Amino acid sequence: ERCRAVFEHSRVGISVLDADGRFLKANKAFVDMTGYAEEELLHRRFGEITHPDDVESGVKLTARLLAGELDHFDAEKRYLRKNGSILWAGVTVSAERDNAGNIVCLIAIVQDISQRTLAEEEIELAAMNMAKTAGQVDALLARIAQSPKDARSEIYTLGLLGNRGVETDRIHTELRALAQADNHLVRYQAYAAIANLGTDDS
């Protein structure tokens, strides 16, 4: 009874499968995660609700588990919810065996990691964008160095980038150097760009 209560009321998804990957049982948390009723899952194999790109790796790990090469395995995978959306999950799969070592069932513990994965993707995207804008700073500075007096838009853009947090200290240093230029127009443009940084160099 205690095991049944843990199974039914656990906050993590739990599913029981046979050696062929067919669902035998699923708790409420797993049902809620996937959007499938338990009755619907009982007519499916795990591969049918797995993202196509993750099926092969799951089959290989399961084969090693069935062969006795692994006691269990941990993986991150994508499930396909009933509504077609993707569920990122951390999965731990273990095998229950009888006294003769034969597979009785597989037990999968499933934790929704969609929010964590989304946050990691956003961080990676931000890093890529930062690298891209850092390259833009290099390009702007190269054009300014070629012809400072003809680089009004480049100097202005540097100020905008710095204001958005892109290499602010570096841009501030470069603009301060431009503010000492012999050409009065370049000096004016540099001071105007510095103003965009919100710093006081007056």
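**Close-up 1. Pairing of strand 4 with strand 5 in the predicted model.** In this predicted model, strand 4 and strand 5 (residues 103–112) run antiparallel and are paired through nine bridges. Within this pairing, Gly90 has Gln111 of strand 5 standing opposite. The two strands form a hairpin with five residues between them, and in the turn Gly101 has a positive phi of about 90 degrees.

**Close-up 2. Pairing of strand 3 with strand 4.** Strand 4 (residues 86–97) is also joined to strand 3 by nine bridges, again in the antiparallel sense. Lys77 is found opposite Ala89 of strand 4. Five residues lie between the strands of this hairpin, where Gly84 adopts a positive phi near 95 degrees.

**Close-up 3. A cluster of aromatic rings formed by Phe23, Phe30 and Tyr79.** Two aromatic pairs are found when the whole structure is searched. One of them is the tilted pair of Phe23 and Phe30, with 5.8 Å centre to centre and 40 degrees between the planes. Both Phe23 and Phe30 are buried. The rings of Phe30 and Tyr79 have centres 5.7 Å apart and planes at 80 degrees, so this pair is edge-to-face. Because Phe30 belongs to helix 2 (residues 28–34) and Tyr79 to strand 3 (residues 72–80), the pair ties together parts that are 49 residues apart in sequence.

**Close-up 4. The surroundings of the Tyr79 ring.** Tyr79 has a relative accessible area of 4% and is therefore buried, while Lys77 lies over the face of the Tyr79 ring, at 4.2 Å from the ring centre.

Definitions and conventions. Residues are numbered from 1 along each chain as its sequence is written. This is a predicted model: local features need pLDDT of at least 70, side-chain atom pairs count only at pLDDT 80 or more; totals for chains, interfaces and linings use all residues. Side-chain values use heavy atoms; hydrogens and water are left out. Rings of Phe, Tyr and Trp (its six-membered ring) pair if their centres lie within 6.5 Å; planes under 30 degrees apart count as stacked, over 60 as edge-to-face and the rest as tilted. Buried means under 20% relative accessible area, exposed over 50%, partly exposed in between (1.4 Å probe, protein chains only). Helices (H or I, at least four residues) and strands (E, at least two) are DSSP runs, numbered from the N terminus. A charge sits over a ring if NZ of Lys or CZ of Arg is within 6 Å of the ring centre and within 35 degrees of the ring normal. Two strands pair if DSSP finds at least two bridges between them.
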